[in-house]
Amino acid sequence: MTTNDDSGSAPKPPAKDPWDLPDVSDLTIGVLGGTGPQGRGLAYRFARAGQRVIIGSRAADRAEAAAAELGNGVRGTDNAGCARESDVVIVAVPWDGHAATLESLRAELAGKLVVDCVNPLGFDKKGAYALKPEEGSAAEQAAALLPDSRVTAAFHHLSAVLLQDETIEEIDTDVLVLGETRADTDIVQALAGRIPGMRGIFAGRLRGAHQVEALVANLISVNRRYKAHAGLRTTDV
């Protein structure tokens, strides 16, 4: 009987350890929308963990002022400069400015790893509810608008209050990471792991981003009922 070895075909390589993640400590992290609560919080946590961080805003002076308040070596500039000077760019802008911001930065974001953490939400007297963009999700909209970038989705379910609280040493939560290329999602998972208490968990391709973004509406309801800053943990992983 002929075996694979007999036929001369190479044996399959062992499966890659999903927790074997790259060293990302030398990467410069840019945060578009870095003057808003979520952007400021992420910038602060990454800078506190030792990453080089640049925050961007439509107005450079606003970004510079916010960077000075954050300290920890954070720099501020306009959005275009932030995109150009960063290795990984986190998109933390308001949903209503998402498309216009990314369209205006298509050239600066070409070749960059882009991490979209925008949650398309609406609000009425019943509370928060998820919106569904024409492309399917904010992350898929980003991918459509940035064909020359490597778009991933992550950091949706983090409390801006906890991120900005200097008295909190660890953020007890998992970060769901979605993307089309495992090498890119590995980088984002590793970045999440730079923040004490966090883990980055691979959660599928960008087509699954809508339900991840939409879950924020449920977390808002949880937080209102229990006066909390709820996050997520993935069991048995």
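Residues are numbered from 1 along each chain as its sequence is written. As the model is predicted, local features need pLDDT of at least 70 and side-chain atom pairs count only at pLDDT 80 or more, totals for chains, interfaces and linings use all residues, and side-chain values use heavy atoms, with hydrogens and water left out.

The protein chain has ten helices and ten strands, taken as DSSP runs numbered from the N terminus (helices: H or I, at least four residues; strands: E, at least two). Its radius of gyration is 19 Å, close to the 18 Å given by the globule rule for 237 residues, so the chain is as compact as a globular protein of that length; the radius is taken over C-alpha atoms, and the rule is 2.2 Å times the number of residues to the power 0.38. The C-alpha trace spans about 70 × 40 × 40 Å along its principal axes. Of the 237 residues, 50% count as buried (under 20% relative accessible area; exposed is over 50%, and partly exposed lies in between; 1.4 Å probe, protein chains only). The chain exposes about 12,000 Å², of which carbon and sulfur atoms supply 49%; accessible areas come from the Shrake-Rupley method with a 1.4 Å probe, and for residues only the protein chains shown count as cover. Among contacts (heavy atoms within 4.5 Å) between residues at least 6 apart in sequence, 72% join residues at least 24 apart.

The largest nonpolar core comprises 36 residues, and Leu42, Phe46, Val53, Ile55, Ile90, Phe155 and Val175 have the most contacts inside it. At least two residues of this core come from each of several elements, including strand E1 (28-32), helix H2 (37-48), strand E2 (52-57), strand E9 (173-179) and helix H9 (182-193). Apart from it lies another core, of 28 residues, among them Leu32, Ala80, Val89 and Ala153. A nonpolar core is here a set of buried Ala, Val, Leu, Ile, Met, Phe, Trp, Tyr and Cys residues joined through side-chain atoms within 4.5 Å.

One aromatic pair is counted, the rule being that rings of Phe, Tyr and Trp (its six-membered ring) pair if their centres lie within 6.5 Å, with planes under 30 degrees apart stacked, over 60 edge-to-face and the rest tilted. Phe46 and Phe155 form this edge-to-face pair, at 5.8 Å centre to centre and 85 degrees between the planes. Phe46 lies in helix H2 and Phe155 in the loop between strand E8 (150-153) and helix H8 (160-164), so the pair ties together parts that are 109 residues apart in sequence. Phe46 is buried at 0% relative accessibility, and Phe155 is buried at 1%. Not counting residues up to four places away in sequence, Phe155 touches residues including Gln38, Leu42, Ile90, Val115 and Val175.

Arg182 lies over the face of Phe202, at 4.1 Å from the ring centre; for this, CZ of Arg or NZ of Lys must be within 6 Å of the ring centre and within 35 degrees of the ring normal.

Ile187 is located in helix H9 and is buried, with a relative accessible area of 18%. Beyond residues up to four places away in sequence, Ile187 touches Pro22, Val24, Leu27, Val88, Leu113 and Arg150. Ala110, in the loop between helix H6 (106-109) and E5, is partly exposed at 36% relative accessibility.
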